[in-house]
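Dear colleague,

I am passing on the structure we spoke about, and my notes on it follow below. Please read them with the model open beside you.

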Amino acid sequence: MRKLGEQWIEKAEDGKRYNMNVVHLIDCMEFMKGIPDKYYELAIVDPPYFEQYGKQNYTGSDISTTGIKRQTKAIKFWGIPDDKYFKELYRISKNQIIWGCNYYAKYIPDVGRIVWDKKNDASTFSKAEIASKSFSLRVDMFRYKWNGMLQENMKNKESRIHPTQKPVALYKWLLKNYAKPNDKIFDSHVGSGSIRIACHDMGFDFEGCEIDKDYWEAQEARYKQHISQGDLFSKEEMQKAIYQDTQLSLLDT
Ligand SMILES: C[S@@+](CC[C@H](N)C(=O)[O-])C[C@H]1O[C@@H](n2cnc3c(N)ncnc32)[C@H](O)[C@@H]1O
């Protein structure tokens with residue numbers, strides 16, 4: 001049996017079931033080696049797309065009130081996934097959603113697509129992002145404003161702790177539309193941990209990897225701060241509500 005992460009608790013001493021939710025500070029290639037075939041029901045991944053990363057500087061928003069470490073550093077470049085990465089990803093997961101599929105077309109056989117329209121028509125930021133999906137050939141669309149300081153939900157703005165952070169709302173929408181209750185979710189490139197927060201709130205077991213110690217620490221702090229607000233709903237209540245399309249305030253983030 002492989003070594004389990006600290007937060008990998010299937011059944012705690014108090015008899016309640018907690019969902020597994022852990023991010024390993026590790027190169028995903030190293031991590032995936034130890035995972036059995038088709039272990040995760042769904043991989044939702046967002047690997048780096050291009051080398052330009054290494055040339056930029058990023059200053060995160062000032063989130064000192066949250067206690068989360070402010071990011072002021074050159075963005076490190078850890079390399080771009082190759083065929084070995086995609087082979088491993090398809091080996092360990094039953095279904096895949098892969099952001100940046102336009103950059104990785106030669107490795108991705110799936111032709112279903114998800115388009116995230118960032119509602120950035122008037123800006124120089126990118127207008128949309130594309131993911132492949134292994135479920136169907138259909139093209140689906142998610143519209144959610146995400147443009148520097150401007151976010152769809154300005155009342156409940158998300159702290160930006162990572163230069164390529166995606167909104168929690170995007171991950172919640174993906175889980176709601178493509179994951180089934182009790183699916184185990186995997187992300188090889190966690191970044192800010194938005195997917196981790198979405199999985200926590202929606203009661204999905206989640207496991208991920210992040211290679212960069214600074215980003216790993218920042219997402220740990222963000223996640224801890226998020227869960228310290230307390231669970232308003234049990235895993236079962238949350239999943240029931242999600243699949244019955246009931247409105248829960250947590251889904252608005
Ligand atoms: C495009 S970002 C992910 C952004 C994320 N989706 C979010 O919402 O914040 C890619 C992340 O993968 C990390 N990374 C790069 N190579 C990696 C590797 N081999 N294993 C694990 N993480 C890696 C980078 O440090 C970076 O944080």
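Of the 253 residues in the protein chain, 33% are buried (a residue counts as buried if 20 or more other C-beta atoms, placed from the backbone, lie within 10 Å of its own). Please keep in mind that this is a predicted model, in which local features need pLDDT of at least 70 and side-chain atom pairs count only at pLDDT 80 or more, while totals for chains, interfaces and linings use all residues. Residues are numbered from 1 along each chain as its sequence is written.

The secondary structure comes to 6 helices and 12 strands, taken as DSSP runs (H or I of at least four residues for helices, E of at least two for strands) and numbered from the N terminus.

Leaving aside residues up to four places away in sequence, I185 touches Y40, L42, I44, A179, C199, F204, D205 and F206, where contact means C-beta atoms within 7 Å.

In helix 2 (residues 83-92), the buried residues are Y85, L89, Y90 and I92, and they pack against helix 1 (28-33), strand 2 (40-45) and strand 5 (93-99).

Around the ligand there are 20 residues, among which D46, W78, H189, G191 and S192 come nearest (near means a C-beta atom within 6 Å). Helix 1 and strand 12 (205-210) are the elements that give two or more residues to this shell.

Best wishes

Conventions:
A residue is buried if 20 or more other C-beta atoms lie within 10 Å of its own, exposed if 12 or fewer, and partly exposed in between; C-beta atoms are placed from the backbone. Two residues are in contact if their C-beta atoms, placed from the backbone, lie within 7 Å.
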